[in-house]
Amino acid sequence: MKQKLIKFLLLGWLVCLAAPTGAYAVEAPLSDPALEARAQSLAREIRCVVCENEPVALSSAEIAVDMRKAIRERVAAGDSDAQVRRFFADRYGEFVLLRPRIGMDTFALWGAPLALLLLGGLGLYIASRRGQAAPADMPAIDDAQALAALKEFEAKSKTD
């Protein structure tokens with residue numbers, strides 16, 4: 001009986017350890033529905049820093065809960081959407097934005113492959129045009145001369 005009680009308590013303790021620890025807590029929405037809609041929209045645009053490529057709106061990580069709270073606090077304080085995005089980009093880097101701003105670094109990242117593709121296409125076009133042009137100083141060969149040269153070559157091949 002004593003062993004069964006110990007096993008039961010141990011099992012209960014293990015269940016308590018495996019239970020989620022507040023990551024699924026329901027957050028209090030903002031009182032103004034327009035501000036809440038803005039906060040939810042921003043939460044879909046900001047990436048969770050733990051669950052890569054997942055917005056904080058869908059993440060259940062503890063830091064995502066904190067990030068959603070920070071979004072609501074900043075929206076309630078009167079920050080614009082751009083200011084909220086800038087806050088998170090300054091804190092976590094441009095990676096946190098699911099749609100990063102266009103700047104010199106993003107232009108180089110997205111523009112370099114396109115530029116290389118265009119340069120490669122131009123190089124192939126120039127190379128193909130050079131291969132098509134016939135040399136201008138090529139001597140004109142008469143069919144009769146070519147036939148005579150071929151017969152002479154065949155005759156030498158048979159004697160060797």
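Here is a short chat about the structure shown above.

Me: What kind of model is this, and how are residues numbered?
Reply: This is a predicted model, where local features need pLDDT of at least 70, side-chain atom pairs count only at pLDDT 80 or more, and totals for chains, interfaces and linings use all residues. Residues are numbered from 1 along each chain as its sequence is written, and side-chain values use heavy atoms, with hydrogens and water left out.

Me: OK, how many helices and strands are there?
Reply: The protein has 6 helices and 0 strands. Both are DSSP runs numbered from the N terminus: helices are H or I with at least four residues, strands are E with at least two.

Me: How much of the protein is buried?
Reply: 19% of its 160 residues count as buried. Buried means under 20% relative accessible area, exposed over 50%, and partly exposed in between, with a 1.4 Å probe and protein chains only.

Me: Which residues have the most contacts inside the largest nonpolar core?
Reply: Those are I46, V56, I71, V75, V84 and F88, in a core of 18 residues. Such a core is a set of buried Ala, Val, Leu, Ile, Met, Phe, Trp, Tyr and Cys residues joined through side-chain atoms within 4.5 Å.

Me: Which helices supply it?
Reply: α2 (33–45), α3 (62–76) and α4 (81–92) each give at least two residues. The largest share, 5 residues, comes from α3.

Me: What does V84 touch?
Reply: Leaving out residues up to four places away in sequence, V84 touches L42, I46, I71, R74, V75 and D79. Contact here means heavy atoms within 4.5 Å.

Me: Where is D79, then?
Reply: D79 sits in the loop between α3 and α4. At 15% relative accessibility, D79 is buried. Apart from neighbours within four places in sequence, D79 contacts R38, R74 and V84.

Me: New topic: how many salt bridges are there?
Reply: The count is 7, taking a salt bridge as a side-chain nitrogen of Lys or Arg within 4 Å of a carboxyl oxygen of Asp or Glu.

Me: What about E45 and R99?
Reply: Their side chains meet in a salt bridge, at 3.0 Å from N to O. E45 lies in helix α2 and R99 in the loop between α4 and α5, so the pair ties together parts that are 54 residues apart in sequence. E45 is buried at 15% relative accessible area, while R99 is exposed at 61%. A network of salt bridges links E45, R85 and R99.

Me: And which partners does R86 have?
Reply: R86 pairs with D90, with the closest N and O atoms 2.7 Å apart. D90 and R86 are 4 residues apart in helix α4, so about one helical turn separates them. R86 also forms a salt bridge with E94, where the closest N and O atoms are 3.4 Å apart.

Me: How many disulfides?
Reply: The count is 0, a disulfide being a pair of cysteine sulfur atoms within 2.5 Å.

Me: Last one: where is L119, and is it buried or exposed?
Reply: L119 is in helix α5 (residues 104–132). With a relative accessible area of 56%, L119 is exposed.
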